[in-house]
Amino acid sequence: MAYKRTFGHIPGHPEGSTYSNRRQVQKAGLHAHLQAGISGTAKQGADAIVLNGGYPDDRDYGDEIIYTGHGGQDPVTKKQIRDQDLDDPGNAGLVRSQLEGLPVRVIRGAGGEKPYSPSSGYRYDGLYKVVAHWFANHEDAPQFRVCQFQLVKIYDQVAAGVVVDNPDLSATAESTSVQGPAPHKKTTVSKAVRSAQVVKNVKGWHKHRCQVCGIVIEVDVGPYSQGAHIRPLGRKHGGPDVESNMLCLCPNDHVRFDNGALYITDDLKVVNALNGEVIGPLRVHPRHVIDLDHIRYHRSQLPNIPLEGSS
């Protein structure tokens, strides 16, 4: 029977269900493969991952996971022998799930970090959301780059647990809509506390003008822009919530910057990472001093991008 890619919970297999081996996990419809860690494709997205100690770069904090992508390992020694990339269908699938907000089932195996892993076999541990991805040097073979993904637990199971069968991501919103008001549920979420004053300062200095494209978006209450951290906040990256680590961007360029389609050189030129073309200079303000260490850190998270100097 062919695997049916489903985003969300699998009926009859609630969170906490346990399985003796990967074949049982696959038979339950939780994951497509018997060995690969990522179940997904670039077009559909990734519906599930297995966390079982496959990479030393993985980090499991329970409600937050730093997950290393697929590819580049010797099939016999399991040592990293080349860079990972987003041409791999599993890695591309997780990026698609991030962009589309698709829930990812997390299955933990006994080979994972002990505080959060089952003592034997495998356990379905619920739905997670991919919130970011980046490239980093492999811990055991730093000459090679691996793709890493940050996933956080989804506690609003009412909204996120809706089963979506074989989604056509080009379909209109009406084709999958549910009649009546969307359900609501009170939840508790752990997230970094951000300073409203820092965002206000950066937006004020630039008068809401995007530092990349120069556009000012006008809405019915006035101009609108977004504060984008250069070095992300959170456990993995440890970026500070300060003006020197923030840009004033329009929503389009915020998404492009966060997802690696744009980067900034040491001499503050904006580069299209997809084709290497210089878009132009980053718009600056004398009171907004940007820390180049954060600019370099952002570049270090992208594949095949120079870490030092300008373009």
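Colleague: Which residues does UniProt list for "binding site"?

Modeller: The unreviewed UniProt entry lists C210, C213, C250 and D253. UniProt positions are given in the numbering used here, with feature names shortened, and annotations may be inferred rather than shown by experiment. This is a predicted model, in which local features need pLDDT of at least 70 and side-chain atom pairs count only at pLDDT 80 or more, while totals for chains, interfaces and linings use all residues. Residues are numbered from 1 along each chain as its sequence is written, and side-chain values use heavy atoms, with hydrogens and water left out.

Colleague: Why is C210 called buried?

Modeller: Buried means under 20% relative accessible area, exposed means over 50%, and partly exposed is in between (1.4 Å probe, protein chains only). C210 has a relative accessible area of 0%, so C210 is buried. C210 lies in the loop between α4 and β11; helices (H or I, at least four residues) and strands (E, at least two) are DSSP runs, numbered from the N terminus.

Colleague: Why does C250 count as buried?

Modeller: The relative accessibility of C250 is 6%, and therefore C250 counts as buried. C250 is placed in the loop between β14 (246–249) and α5 (251–258).

Colleague: With which residues is C250 in contact, leaving aside neighbours within four places in sequence?

Modeller: Contact means heavy atoms within 4.5 Å. On that basis C250 is in contact with C210, C213, I215 and I217.

Colleague: Why is H208 called partly exposed?

Modeller: H208 has a relative accessible area of 22%, so H208 is partly exposed. H208 lies in the loop between α4 (196–206) and β11 (217–219).

Colleague: What is the phi of H208?

Modeller: Phi of H208 is near 65 degrees, a positive value in a residue other than glycine. L268 also has a positive phi, near 60 degrees, and lies in the loop between β15 (262–264) and β16 (269–272).

Colleague: What makes R231 a charge over the ring of Y297?

Modeller: The rule asks for NZ of Lys or CZ of Arg within 6 Å of the ring centre and within 35 degrees of the ring normal. The charged end of R231 sits over the ring of Y297, 3.7 Å from its centre.
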